[in-house]
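Welcome to this short tour! Open your viewer, get your selection tool ready, and follow along one stop at a time.

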Amino acid sequence: MARYACIPARYALAITSFLGVCNVYIFKAIMSIGVLQMNNGTAASTRNESFPTFDWTPVQEGWILSAYFFGYILTQFPGGILAQRFGGKWVFGVGVAMTALLTVLIPLAAMRNVWLLVSVRVLQGAFEGVSFPAMHVIWSHWAPPQERSILTAIAYSGRFTGIVITFSLGAILCWYGGWPCLFYVFGSIGLVWFVLWAFVMYNSPSEHPWISAEERHYLESVIGTVDNQSMEPTPWFKIMTSSHVWAIAVAHFCYNWAEYTLLTCMPTYLADIGILQGTNAVVFNGVFSAVPYLVLMLVALLSGPLADFLRTFFSTTAVRKTFTIIAFTASGGFLLLCGYFGTSIIRAVSLLSLAVGIGGFSVAGFYTNHLDIAPRYAGVLMALTNTAGTLPGIVGPLVAKAIALPPSAPKGSAEYIATYRSEWSEVFLLCVEIYMFGALIYLILGSGKKQPWADNNGHTVVN
């Protein structure tokens, strides 16, 4: 097969990874838009009437939205260990493919029983829990230090693109094709992506058959090569007692509390506060819910090259801390404003876009930090911090649903809307408080320096 003519292999990998991560987040967010059309309790007043809907209680809906994360948290460490041992290609690829297959089965599960649907979502989470630990292992082989931020920014911006696609295109699919179409289309796309991934992805430059000799030499000289089969045991005690690792874990938890609360609940929030009306409300809800993540995607893509540029003048520690603190404090401030002043669709979407979008700086902040402090154990570190970061996915939607309870006033009345707005302000205030705690811990304990326990034992550097 001919080698890449116009693009280095590592950037081709970044683009393919971007598409894979995009699928991961489509499957993660898909129920957030689907539940509006599936549940009589929260469905928009206008919907495609050709397909059955369900009488789920708020508690059942909360479990449906959080079930994915129960499975997701279970496979973080197995995913990191398997990818570190055998490479990330098949760990990541098979995880996405199995989740895509289960996505196609969601309509059947939902029509049978709500708890069968919950079980399918748990299984989806379990298969996708391996994704980011495996991806970090892949980049430990492919991302040279000077390009680490930009390559990971390209790949991980698929998170936000996936949400944009899910909320915007998903709402259109629900309206014109019915809610089952949402799952059939996106599940099929995920299976097609897996075929592409299987043919173009390789675990390391040394395995790649069509990489140029110049690029392979460059990558192996600045990164080195790792023999996964002969790696020494993971230094678990040193990892678990490292304050810098825990700084990333706390930041991951605090950032994800707001991210997962908004990811699972933003369409419901816009429906609850009464600022979307009309026959196409479901489509407008999806489009407006996608706008903040479009801004987030753009900021994330810009943050990578900007961080790498700044690292030529400032230390990696300073850059990672600066980007993380900006993401947390600015996002928290705009989210707080949204809770109290987002009383029209323009104001709500504008403030949410600023709150969510500025969070994209975290991609070049704590989210890449694992590769700085311990590139050899990046997969294991991502498994550890992403385990902490998954807890908000389990608890956040349940807490949001417990705070934002349906008001007793007549639906659509001024009292009904005012009560919901007050309740959602409390949800956002909690997110802000958690943001500030994470910013403080990362500011004190974060570091961009490679740790002594992560040195080159097991690495063979090719000169």
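This is a predicted model: local features need pLDDT of at least 70, side-chain atom pairs count only at pLDDT 80 or more; totals for chains, interfaces and linings use all residues.

Residues are numbered from 1 along each chain as its sequence is written, and side-chain values use heavy atoms, leaving out hydrogens and water.

**Stop 1: α4 and α5**

Two packed helices are described by the angle between their axes and the distance between the axes. Show α4 (residues 88–112) and α5 (residues 114–128): their axes come within 9 Å and cross at roughly 175°. The two helices are therefore roughly antiparallel (an angle over 145 degrees). Helices are DSSP runs (H or I, at least four residues), numbered from the N terminus, and axes are lines fitted to C-alpha atoms over the stretch in contact, with angles from 0 to 180 degrees between N-to-C directions.

**Stop 2: α1 and α6**

Next, select α1 (residues 9–38) and α6 (residues 131–142), which pack at an angle of about 170° with their axes 12 Å apart. That makes α1 roughly antiparallel to α6. Among the residues that meet here are Leu13, Val21 and Tyr25 in α1, and Phe132, Met135 and Trp139 in α6.

**Stop 3: aromatic rings**

Now colour the aromatic residues: the structure holds 31 aromatic pairs (Phe, Tyr or Trp rings, using the six-membered ring of Trp, with centres within 6.5 Å). Zoom in on Trp63 and Phe70, whose ring centres are 5.4 Å apart with planes at 25°, so the pair is stacked (planes under 30 degrees apart).

Then jump to Phe366 and Tyr367: with centres 5.9 Å apart and planes at 70°, the pair is edge-to-face (planes over 60 degrees apart). Phe366 is buried (under 20%), with a relative accessible area of 0%, and Tyr367 is buried at 2%. Both belong to an aromatic cluster that also includes Tyr25 and Phe132.

**Stop 4: charges over rings**

Finally, select Arg159, which lies over the face of Tyr367 at 4.3 Å from the ring centre. Lys89 lies over the face of Tyr202, at 5.0 Å from the ring centre. A charge counts as over a ring if NZ of Lys or CZ of Arg is within 6 Å of the ring centre and within 35 degrees of the ring normal.

Key: Buried means under 20% relative accessible area, exposed over 50%, partly exposed in between (1.4 Å probe, protein chains only). Angles under 35 degrees count as roughly parallel, over 145 as roughly antiparallel, 65 to 115 as roughly perpendicular and the rest as oblique. Contact means heavy atoms within 4.5 Å.
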